Structure formats: C-alpha cells, structure tokens
Amino acid sequence: MGNDAKQLLKDLGRHQLVDGYPLVVDLDRCHGSWIHDRVNDCEFLDVFTCFASWPLGYNHPKFKDPEIAEAMARASLSKVANSDIYSEDLCEFVDAFATHVTPPGFPHHFWVSGGSLAVENAMKTAFDWKARKLGRTDFHDSVNDLTILHFKQAFHGRSGYTMSVTNTLPDKVGLFPKFDWPRVHNPTIHYNLDGTISNDIAAEEARACAEIEAAFELASANGTHIAAILIEPMQGEGGDNHFRTEFLQALRNYADEREALLLFDEVQTGFFGSGKPWFWQRQGVAPDIVSFGKKTQVCGIYASNRINEVEENVFERSSRINSTWGGNLVDMVRCRKFIEIIVEEKLGEHITRIGEHVMSGLRSIASDTNAFKSVRGCGSLIAFTFDPAEARREMIAALFDRRVIALPCGEDSVRFRLPLNFTLEEADELLSRVESCVPLVTRI
Ligand SMILES: Cc1ncc(COP(=O)(O)O)c(C=O)c1O
C-alpha cells in the first residue's frame, strides 16, 4: 500500500508540481478530524482543515441520510449555470444561507467559485458604486482613478485585482503587474499569556489612522478616489492579526464620512469559524460588503442596502458581476447540509467552548515552558507566536512528525484551524502532542 501510494505521488509529479504534503489521502478511511494517509498507513490529526476550508471533518455520518446523498448525486450529475438556470437545490441553498448565515440587513447575495473571485467581486461592486456616486454612469467613462485602501500583511487572493492588495510573501504577487493602491499600517494586537493586550495598541491605531487620513488627503490632492476600505477583520495568512473594536469602528467612520464602502474579507474567518456566523459579529462593527469562501464551499459576497444608494447598482443591472457557473451546485447542496448540521448541533457554541479550552491549554504550556507566546484566537481560529521565528518551523515539523497537520502564518506564528465539531478528547490529544514537541523547539 505504502509503495503504491508513493508511486502515485511520483506519477503525479510527472505532470504537475507536487509541492504539498507528502501524503496520499484515503478519502474512504478519513473520519472526523482524522486524515488517513496511504503512504504511511496512518492517521493525522487535522488542525489545518484544508486551509480553514473543511468545516465538519471527513465523512460526517449525517451525509449518509438518503435525502442528502440523493441531492449530492443529482447535483453532481448535471452541472448547470446557476446564474441563469434556477433549480430547486439552488433555491433551498440560498434560502438556508440567507436565513441562518447572512445577518439581518444584508439583502444582496452573489455566488461564484473561489475566494479570490469573491473578493474581486466585492471590489467591483465598490468600484461601480463609487463611479456612480461620482456621476459616472456612462460605460465609456474612465474610472482608472478609483482605488482600494488596504492593509499591510493582507492576504486577499492571487488573481486579478486581489494581487494588488495581497502583500504577505513576495513570491505570491511578485513579477505580476499590479495597481499601486494605498496600503497602510495594520495595528495588530499582541497578547500576554492571560489574554490581555501587551503592546501600545492605541499608538499602533493612531499610526494607522494617520496613514489612512494621509491616503484620503493624497487622493484628493492627486485626483484619485478611494472606493473602498478593504480588510480581513482578523488577518489570517498575514499572522492571525487581531484588531480592536475601536479600530474597526474608526474604519466604519472613515467609510461613512469619506463616501467609501467598508469591505470585510471573511474568506478565512467566516462561516462559524469564530463561533459566530461571521467574525465581525463578535465585535459588532458592520461592514457594507462581506466576501466569503472556504468553509462555505460556494464562495461569494453579501451586501447591505448601502449599495442601493446608487441606481442601477450591480445587484439591479444585469451582467455587471457574473460568471458562467455562478458557483457550483454540488458545493451549494453540501453547504446547505453543513448549515443544517451546524444549526442543529449548535456547533457555533460548541467550537467557542473548545477554542477556549485549547487556548487555555496552550497558555499553560507556554507559561510552563516558555516555548511560545501571544496565544490568541476564538472558536476554531487559534494561533501562537515563536521567538526566534526559526522555532516556528521546528514546531510545525515536530507536529507533523507527531502526526498533526498545522499551518504557519505571518513570519513567526503557528495557526490551528479546527473542524467546528472538534471534540474535547481531540482537543486534549492536540494539546498533548503540542506539549511533546516543545523539547524539540528553541525556547524563547
Ligand atoms: C482572507 C482570504 N481572502 C481570500 C483568499 C483567497 O481564496 P482562494 O484561495 O479560494 O481564492 C484567502 C485564501 O486563503 C484568504 O485567506
């Protein structure tokens, strides 16, 4: 079995880049939070969840219900263009999403495949809105003076417009042409081991706000227009960087005062990852548009009535934002079932409790061993930081040797992305494996 699986990887490498994990996943034998690897015939504890994309672990028993099995088979046999051909499966999905996942006050939805495309369509919605606010309604009007204000260490994807706002590692966006849009300081919270803030966050925020104000002033001076402020309410790939409510409120105020839209990219944080349907609901500062993807399976945006301030906006006028498939029906059916299970089993509350348990365990390992610091997070989204940064690489390698798949983020942090139905026993198993790795990593 092991040799066959190794051969599969070799064969695959003849045709494409094979630079991921050295595993061959056995989908039949994966269960819950455990990935079965054919190469070593063993199980890995999955706290990377396909880069925060797989909400309930593998082979959830409720997917054996005949109703969902039939719906999945039906949707997979005929791939329809959902934007223009409306099926009952589509209607059921949209109703479940709009009822249980989208918060009140956001009447507009748009579906597409891929998180980057979700973010791009949020940006397109903002460009169209701003252009019309400026009185440019003729499709031949030039709008090359519209920009998106965004943040350092942001990750929004690797296609089209999103490459101009992603700036985590240079290999992701270097050597591709980009727009030179305003990029400002990200006032990240650092934490003590009791969860309190350890850095001078008010000074950090003052610096960010000064840069934002300077960007708006520069735009007025050089005749450009900031159409939107775009931020991940918690930056994932950039380092699991959390922001204070005060700062998000300041962004809300800038967006309102300067006639810009506030876009939250929740591709990584959304769909109950934080315990709430949306990360922003923990802090209560509402955006104008949210982009989502990953755990939602089908990606897209939802938007508030602020978009209706302009006539013929992208939710009224046909064809302004669109794609052939309009998302994938199989993803929609699967997402509908995920929503049902999450609501039925109260998994938002569950993962909030499990997340607290994991963070408290990590904090006690950190205070006993001094191996890492700044334990932070909520629900399924947890991270901690190493100093020196090299120790982070050692921790991830040691965890992998102990059959745990975890992810790096930023320059010096490890992030966990737990399945929403992660059990208390699995949480304790994770903590014990982390603890066993500590002797192998350089201490602070
Ligand atoms: C916050 C955020 N936005 C956008 C994306 C891009 O999503 P995708 O890789 O599905 O295009 C990601 C992916 O990691 C992300 O974390």
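Predicted model: local features only at pLDDT ≥ 70, side-chain atom pairs only at ≥ 80, totals over all residues.
Biologist: Which of the 15 residues around the ligand come nearest?

Modeller: Those are Gly115, Ser116, Gly157, Val267 and Gln268.

Biologist: Which helix gives the most to that shell?

Modeller: Helix α5, residues 115-133, gives the most, with 3 residues.

Biologist: What makes β3 and β5 edge strands?

Modeller: The sheet is an open one of 7 strands, in the order β3-β11-β10-β9-β6-β4-β5, with mixed pairing. Strands β3 (108-112) and β5 (183-184) each pair on one side only.

Biologist: How do you know that β9 and β10 are paired?

Modeller: Two strands pair if there are at least two bridges between them. Strand β9 (residues 261-265) is joined to strand β10 (residues 289-292) by 3 bridges, and the two run parallel. Leu263 has Ile289 as its bridge partner in β10, and Asp265 stands opposite Ser291.

Biologist: What joins β10 to β11, and in which sense do they pair?

Modeller: There are 4 bridges between β10 and strand β11 (residues 299-303), and the sense is antiparallel. Phe292 has Gly300 as its bridge partner in β11. The two strands form a hairpin with 6 residues between them, and Lys294 in the turn has a positive phi of about 50°.

Biologist: Which way do the residues of β10 point, and are they buried or exposed?

Modeller: In a regular strand the side chains alternate between the two faces of the sheet. In β10, Ile289 and Ser291 point one way, while Val290 and Phe292 point the other way. All of them are buried.

Biologist: Why are β1 and β14 said to stand at the edges of their sheet?

Modeller: That open sheet has 3 strands in the order β1-β2-β14, with mixed pairing. β1 (34-37) and β14 (404-405) each have a single partner strand, so one side of each is left without a neighbour in the sheet. Between β1 and strand β2 (residues 42-46) there are 4 bridges in the antiparallel sense. His36 has Glu43 as its bridge partner in β2.

Biologist: Are α3 and α10 roughly parallel or roughly antiparallel, and why?

Modeller: Helix α3 (residues 66-77) packs against helix α10 (residues 329-344) at an angle of about 165°, with the axes 8 Å apart. Angles over 145 degrees count as roughly antiparallel, and α3 and α10 are therefore described that way. α3 passes α10 in a right-handed crossing.

Biologist: What is the angle between α11 and α13, and what does that make them?

Modeller: Helix α11 (residues 347-369) and helix α13 (residues 424-437) pack at about 20°, with their axes 10 Å apart. Angles under 35 degrees count as roughly parallel, so α11 is roughly parallel to α13. Their crossing is right-handed.

Biologist: Is Leu175 buried or exposed, and how do you know?

Modeller: The limit for exposed is 12 or fewer neighbours. Leu175 has 6 other C-beta atoms within 10 Å, so it is exposed. Leu175 lies in the loop between α6 (170-173) and β5. Its phi is near 65°, a positive value in a residue other than glycine.

Biologist: What about Ser374: buried or exposed?

Modeller: Ser374 has 23 C-beta neighbours inside 10 Å and therefore counts as buried. Ser374 is found in strand β12 (residues 373-378). It is not a glycine, yet has a positive phi of about 50°.

Biologist: What is omega for the peptide bond from Asp387 to Pro388?

Modeller: Omega is near 5°, and the bond is cis. Pro388 lies in the loop between β13 (381-385) and α12 (390-401).

How values were computed
Residues numbered from 1 in each chain as written. Near = placed C-beta within 6 Å. Buried ≥ 20, exposed ≤ 12 C-beta atoms within 10 Å, placed from the backbone. Axes fitted to C-alpha atoms, helices over the stretch in contact; angles between N-to-C directions. Parallel < 35°, antiparallel > 145°, perpendicular 65-115°, else oblique. Left-handed = near helix turned anticlockwise from the far one by under 90°.
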